[in-house]
Amino acid sequence: MVKEYMTAQEIAGPLILVGEVSGVKYEELVEVELPDGEVRRGKVLEVNEDTALVQLFEGATGVSVESARIRFLGRGLELGLSRDMLGRVFDGLGHPKDGGPQIIPEMKRDVAGAPMNPTARDYPNEFIQTGISAIDGLNTLVRGQKLPIFSGFGLPHAELAAQIARQAAVRGAEGEFAVVFCAMGITFEEAEYFISDFRRTGAIDRAVLFVNLASDPAIERIATPRMALTAAEYLAYDMEMHVLVILTDMTNYCEALREISAARKEVPGRRGYPGYLYTDLSTLYERAGRIIGKNGSITQIPVVSMPEDDKTHPIPDLTGYITEGQIILDRVLHRKGIYPPINVLPSLSRLRDKGIGEGKTREDHANLANQLFAAYARGKEAQELAVILGEAALSPEDKAFFKFADAFEDRYLRQTIDENRTIEETLTLGWELLEILPLSELKRVKPAQIEKYLKNQPKKAEAA
Amino acid sequence: MTEGKVTGLIRKVSGPLVVADGMRKARMFDVVLVSDKKLIGEIIEVKGDLASIQVYEETGGLGPGEPVESTGEPLSVELGPGLVESIYDGIQRPLDVIRKQVGDRITRGIRVPGLSREKKWEFTATAKVGDEVGGGDILGTVPETTLVEHRILVPPGVAGTITKLSSGSFTVDDIISELDGDGDGTKHELKLMHKWPVRVARPYRERLTPEEPLVTGQRVIDAFFPIAKGGTACVPGPFGAGKTIIQHQLAKWADAEIVIFIGCGERGNEMTDVLMEFPELTDPRSGEPLMKRTVLVANTSNMPVAAREASIYTGITIAEYFRDMGYSVALMADSTSRWAEALREMSGRLEEMPGEEGYPAYLPARAAQFYERAGRVICLGKDGRIGALSAVGAVSPPGGDLSDPVVQATLKVVKVFWSLEDWLAYERHFPAINWLTSYSLYHDSLEAYFRTEVSEEWGEMRATTMRILQQEAELKEIARLVGVDALSNRDRLILGTAKAVREDFLHQNAFDEIDTYTSFPKQYKMLRNIMTFNRQAREAVEQGVQAEELFALPVNGEISRSRYVPESELDELDEIEGKIGSEIKGLIEKRVGAEEPV
Ligand SMILES: Nc1ncnc2c1ncn2[C@@H]1O[C@H](COP(=O)(O)OP(=O)(O)OP(=O)(O)O)[C@@H](O)[C@H]1O
Ligand SMILES: [Mg+2]
């Protein structure tokens, strides 16, 4: 029934140009059979009259123009879905990788996913407690948010992502949780770190893993996050679970995309990445969210390693333009031995203010966070000034801010990898740190809040 | 309208671009229906027999040999009652109706009219049979929402004598009036609705210079970088700097009669935010929900790219239509960079010669055409009513780099520049508008308004404040080298005053119930207090009082808390002014008293 072509004309990188075809559709799934019976999959990138340009997910190594048997399947790339996926490990194209049996699918879905209607979205506003002060207190994660970790080589993003996956909880809320883990081009060791962490905590039973390692075909990575998100959508909206999706590392994904673009000889955008990188990334990140009337949700934590720690590199830059904030890891903090080395100043959670406050966390949360941000920024400024002028030349206020910044890094940011602070602990810690500062400098918190939460302010009586 | 209808066959599919054969007779920018799925597209290039079509829906599954049919009509929007409170995609399909039809996800080949054909509107005729009318004349009105009286206009280009017109309950498709065309015997049938091609600017009688500010309630904007009603502004900034929040703030609080918000290639949740929040928020002037004056156009980043390109034209055409009724309309586009990127993607697929950063060479021209559709005008129609369309576009340059071609193309045409900077955002100084590099070219044309409506001394006060901020920047450089203590007492006073301006006036928290909006009277009093303090403190400094003593006065605390004073209790701010005088005087007296015995 499906016609088979042996009319490959050209092979360039992961692309095959097939001639003399008819009835081929844009974006349809393709199978290429090699003489030894191996079958690879690909999709149609362009059709022009009777030629079709096909991108192979597993690469074209070993494919020859002479012998490739090409079949167009008339549908997109699909993933079979079932609840039994929980606890299983798949490769980047959705085949079981853990030696277990094939999944018997309840249904199949095209992995491309259709865009969510903005009117169907429910606004994310439920506070997720991660137990990490720098996140909960200042850059709060909310259910249904997409909040990436911007990292660099050698920084502990894996540890942080795993800690979030382990500790994330919505207090007082019911419903099932699941983690979907999507590895793209990471090393075996890093993948093992996650898998063994999931095993250690028993989280593996509630996890679905899609793993494309550095040694696996690069082009396959283009399909992997779509597989993972299709599984996540099934768990969230069909099974009504709250799903946390970890996508690591988006930089490898983007490089695979660049490889295709280069093979197609497209006009490159910045640093050789295709001009449609923004749009392409948005079709992944925008799959996070909540839907009105559905109990499940998808929260995304993509990991982006910034080449040369440069936040303006196209990958972190375009990611930041799509996601709802970013958690930025910092090499200087890391060198100081602070874990998690989150630089809170350029970090941001745009949904913070919807997820905190009275009835969610506490009424003083937003103002306290703003005050801590402002004070830490000023403290860092004072520390820079001190490098030039010497600490003695600072004004008394600046000295206080200097001290505050150190204490903030040491007590607020720093915690251990298993430390799970409640939001109350985090808020209390914040107020304790504010005691270092003169009362007159506390402009972002309201007088009534100072009255209520600031414990040992020496100048308190005097100002009142 | 069958003329121009052409059918052809698909030859090539590449992303949102479809090339069809047999289209020699097709017209540029006509709408075509692609394949049996009847996906909507628009012709963007005709070469011989081949037409290049940008398709507004996903093209997966299309292939050569499938039919393409041109409708013979350009891409148009439906204009009439029912626009307000709607949320449309980039080509004016109501997203809420789509959801009812096909569920939570947007599928393909859905065709829904922009205006409901079922809903009946109460039309009250104000013209009468026998009147000679032309384009822009008002036939009557429809109460569209509690905030918007929808004026039914004779469409531009249509004229004649009214032979039929009656009040009553009509759908947008019913004929409400007939005109006898001037002499030539043509009969025009008019409905509550008419169509207009989105890429053609709607005509007006005369363009006027703007003379009133669009009052936004955002202190840094209103006081320092105001935009006029009918003006244009550009908000560039890196991610997370606050472009969307500023535009949301304007959409909420600007004193416009109609607000059009275009989410062009941005986040779905941001549109949801507006949809959920606006019906809850009340307009400070009328007390009605803000949604009752708002039209949303949402083509989020994950929706088809070509429709993103169309979305800003859809939005501005709707805006012009309300302007034509004599309203003040404010349009926000977030973000025009995504529009430009859609343009670039199509240009790349058409294999056009790329210009800077791969953008097509016609990018600046297109940007200029868009912003030129803003303005303050005398509308068509006999009554000479005045309408205004203000346009504010966000720009998202890569890495926040202002040399980006989209930023540059925009700055060439707009008159106000609000420069958002990440270092301000990191310090959580919001709105993160850089007060030294931003500008407004409307100060002169708005001066008369400020003098009569705000205060005689407003212009003077603003200039002084700006000077202090400028001096602060210079002094900070010096202080960085020699330390603050090495500065003179006077200079330390300048630093202190500048800090008060920044932290107590420019900084404004969009999420605080009271701080989110500040009326002109309150802005005036807040700034006046800071400047009064500065003036009197200068005198004190002359008498030898130290700047630090002055800033330790309790009244400073009250100045910084002024932002939380409700609009109904502005007298408190006048009391603060009194306290400034007495507290500083107290310091001077103590000083002089201490010196005398010597
Ligand atoms: N006026 C303000 N008051 C308080 N917070 C603000 C204000 N403006 C911006 N913010 C903070 O900054 C965050 C980012 O703002 P916003 O979403 O407008 O950025 P953006 O420039 O539109 O970014 P992008 O280009 O990625 O869309 C907000 O979520 C909010 O936390
Ligand atoms: Mg934005």
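This is a predicted model: local features need pLDDT of at least 70, side-chain atom pairs count only at pLDDT 80 or more; totals for chains, interfaces and linings use all residues.
Local features need pLDDT of at least 70, side-chain atom pairs count only at pLDDT 80 or more, and totals for chains, interfaces and linings use all residues; side-chain values use heavy atoms, with hydrogens and water left out. Residues are numbered from 1 along each chain as its sequence is written, while chains are lettered from A and ligands numbered from 1 in the order in which they are written.

Start at ligand 1. There are 19 residues around it, where near means a heavy atom within 4 Å. Those that come nearest are A:Arg350, B:Lys243, B:Thr244, B:Ile245 and B:Arg267. The site is shared between chains, because residues from both A and B surround ligand 1. By class, the shell has 9 nonpolar, 6 polar and 4 charged residues. Here Ala, Val, Leu, Ile, Met, Phe, Trp, Tyr, Cys and Pro count as nonpolar, Asp, Glu, Lys and Arg as charged, and the others, Gly among them, as polar.

Next come the polar contacts, pairs of N or O atoms within 3.5 Å. The side chain of B:Thr244 places an N or O atom 2.6 Å from an oxygen of ligand 1. For B:Lys243 the distance is 2.7 Å. B:Glu266 brings a polar side-chain atom to 3.3 Å from a ligand oxygen. Taken alone, ligand 1 exposes 630 Å², and the protein buries 95% of that; the areas come from the Shrake-Rupley method with a 1.4 Å probe.

Which elements give two or more residues to this shell? They are α7 (314–322) of chain A and α3 (243–253) of chain B. Helices here are DSSP runs of H or I with at least four residues, strands are E runs of at least two, and both are numbered from the N terminus. α3(B) gives the most, with 3 residues. Domain 2 (206–440) and domain 3 (458–595) of chain B both give residues to the shell, so ligand 1 lies between them. The domain bounds come from an automatic or database assignment.

Now the backbone. Most residues other than glycine have a negative phi, and most peptide bonds are trans. A:Thr248 and A:Asp249 are joined by a cis peptide bond, with omega about 10°. A:Asp249 sits in the loop between β16 (241–248) and α5 (250–263) of chain A. In chain B, a cis bond joins B:Phe430 and B:Pro431, with omega about -10°. B:Pro431 belongs to the loop between α9 (422–426) and β26 (439–440). A:Arg271 has a positive phi, near 50°. Its place is the loop between α5 and α6 (277–285) of chain A.

Note on methods
A polar contact is a pair of N or O atoms within 3.5 Å; within protein, one must be able to donate a hydrogen and the other to accept it, and residues adjacent in sequence count only if both atoms are side-chain atoms.
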